[in-house]
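I open my notebook on a new structure. I will look things up one at a time and write down what I find.

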Amino acid sequence: MEKRVEAGEYHSKDFQWEFLKNLVENDPSLSHHLHHHPDSSSPSPDSQPWQDFHSRHSSGKFFKERRYLLKEFPELVSCEEKSKLLEVGCGNGSTVLPILRGSKNIVYACDCSSEALVRTKENIDLAIASVDNFRSFCCDFSKSKFPNWVACDHCRDNFKLKKDCYHSGESEGIHVNYKCSLSEHCVGGVDFVTLIFTLSAVPKEMMPRAIKECFAVLKPGGLLLFRDYGLYDMTMLRFEPEKRIGFREYVRSDGTLSYFFCLDMVRSLFADAGFIEVELENCCVKAAGDRNTAFFHGATKARKPKTCIKRVQDDEGIVHTKDEAIAKVAEDYFHGMFTASNTRSLADIIPEMDHKITEKLMRL
Ligand SMILES: C[S@@+](CC[C@H](N)C(=O)[O-])C[C@H]1O[C@@H](n2cnc3c(N)ncnc32)[C@H](O)[C@@H]1O
């Protein structure tokens with residue numbers, strides 16, 4: 001079993017963002033990070049640099065286990081047992097490890113690099129005695145759909161229409177959907193998606209598509225938990241000017257990308273995909289024993305909306321479930337309400353209404 005190391009200091013509510021911003025924006029030596037930069041040079045998505053990265057770091061220790069994760073996202077522990085979670089861009093397993101250790105969730109993990117999946121599996125085997133609630137798969141979510149067994153087209157469509165289509169808790173966490181191929185039963189979507197330092201690695205113009213894909217496989221009411229590089233993180237300020245390929249976008253020497261998020265950018269990306277913001281803040285981790293190195297991160301929890309109309313009945317008693325038909329019935333209803341010709345005057349209606357202030361109360 002692996003030896004566990006204490007987490008560094010974790011700061012969120014006490015974190016002085018304005019102070020850091022002023023410091024950076026008034027430092028002439030950092031001005032090259034601030035200029036406007038045309039956004040055209042961002043390379044097309046390519047998983048090869050990440051594949052090479054994980055092959056080079058075959059010890060699987062490059063990213064440390066994120067011990068603060070369950071403190072930051074306590075929903076991962078307080079949720080129902082066997083809640084389903086999809087970790088996107090799992091790297092060597094730094095996020096799935098604390099979740100598998102600290103919860104009874106069913107964990108799915110993907111990465112665009114098959115090498116990363118091997119590292120993750122090795123690290124899980126090393127840290128946890130027996131695991132039967134974990135499954136991984138290779139996927140570049142900036143250009144491909146998650147596989148049908150995560151959420152088939154039928155489930156994705158249902159999520160758009162239905163309010164309460166939770167399927168968690170079945171034996172083995174699987175519900176059979178006959179629209180999927182026989183060998184790949186759909187699990188009916190997930191309760192959580194985690195995007196931990198993965199979105200920053202996706203080219204900026206592909207981010208909206210990637211987030212929409214996460215939205216599509218979340219059950220209604222499900223949570224997306226996001227943590228990534230914040231604007232003016234130490235990692236950003238250390239980049240050489242020539243590594244800058246777009247506004248707040250950089251390429252490392254090995255070809256992997258890194259974007260640095262401000263809260264407004266996170267807010268608009270997630271809102272555009274359909275999410276409702278639950279919490280959004282800057283936070284920071286100070287590595288244990290290292291007083292000078294602070295890494296500034298942005299974190300957000302965004303919820304998929306749950307309330308939507310799934311069926312309506314029209315004046316003739318016919319039930320409609322299709323989006324367009326529901327919209328038509330609603331439109332007719334409100335049209336009728338505001339243009340009705342046989343309206344009664346208030347003076348006629350008031351005497352028929354229940355009196356909330358009784359005769360007795362009036363006498364008091
Ligand atoms: C910085 S690591 C983060 C790993 C992990 N989430 C963690 O908490 O440490 C980013 C990971 O995202 C993966 N990645 C980058 N672009 C991706 C994409 N388009 N689709 C899926 N995975 C991607 C990389 O291979 C890498 O393993």
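**Entry 1: a pair of strands.** I started with strand β8, residues 249-251. I found 3 bridges joining β8 to β9, and the two strands run antiparallel. I then looked up a residue across this pairing: E249 stands opposite Y259 in β9. I note here that I am working with a predicted model.

**Entry 2: the sheet.** Next I asked in what order the strands of this sheet lie. The order is β7-β8-β9, in an open sheet of 3 strands with antiparallel pairing. The edge strands are β7 (244-246) and β9 (257-259), and each of them pairs on one side only. From one strand to the next, the twist averages 35°.

**Entry 3: a loop residue.** I moved on to K143. I found K143 in the loop between β4 (134-138) and α7 (153-161). Is K143 buried, exposed or partly exposed? K143 is partly exposed, because 15 other C-beta atoms lie within 10 Å, and a residue needs 20 or more to count as buried, 12 or fewer to count as exposed. I also checked K143 against A210. They are 67 residues apart in sequence, yet 7.3 Å apart in space, C-alpha to C-alpha.

**Entry 4: the ligand.** I counted 21 residues surrounding the ligand. The closest are W50, G89, G91, S94 and C112. I sorted the shell by type and got 11 nonpolar, 7 polar and 3 charged residues.

**Entry 5: the whole protein.** Last, I looked up the totals. The protein has 13 helices and 13 strands. Of its 364 residues, 33% are buried. Among contacts with a separation of 6 or more, 73% join residues 24 or more positions apart.

Methods. Residues are numbered from 1 along each chain as its sequence is written. This is a predicted model: local features need pLDDT of at least 70, side-chain atom pairs count only at pLDDT 80 or more; totals for chains, interfaces and linings use all residues. A residue is near a molecule or strand if its C-beta atom, placed from the backbone, lies within 6 Å of it. Ala, Val, Leu, Ile, Met, Phe, Trp, Tyr, Cys and Pro count as nonpolar, Asp, Glu, Lys and Arg as charged, and the others, Gly among them, as polar. Helices (H or I, at least four residues) and strands (E, at least two) are DSSP runs, numbered from the N terminus. Two residues are in contact if their C-beta atoms, placed from the backbone, lie within 7 Å. Two strands pair if DSSP finds at least two bridges between them. Axes are lines fitted to C-alpha atoms, for helices over the stretch in contact, and angles run from 0 to 180 degrees between N-to-C directions.
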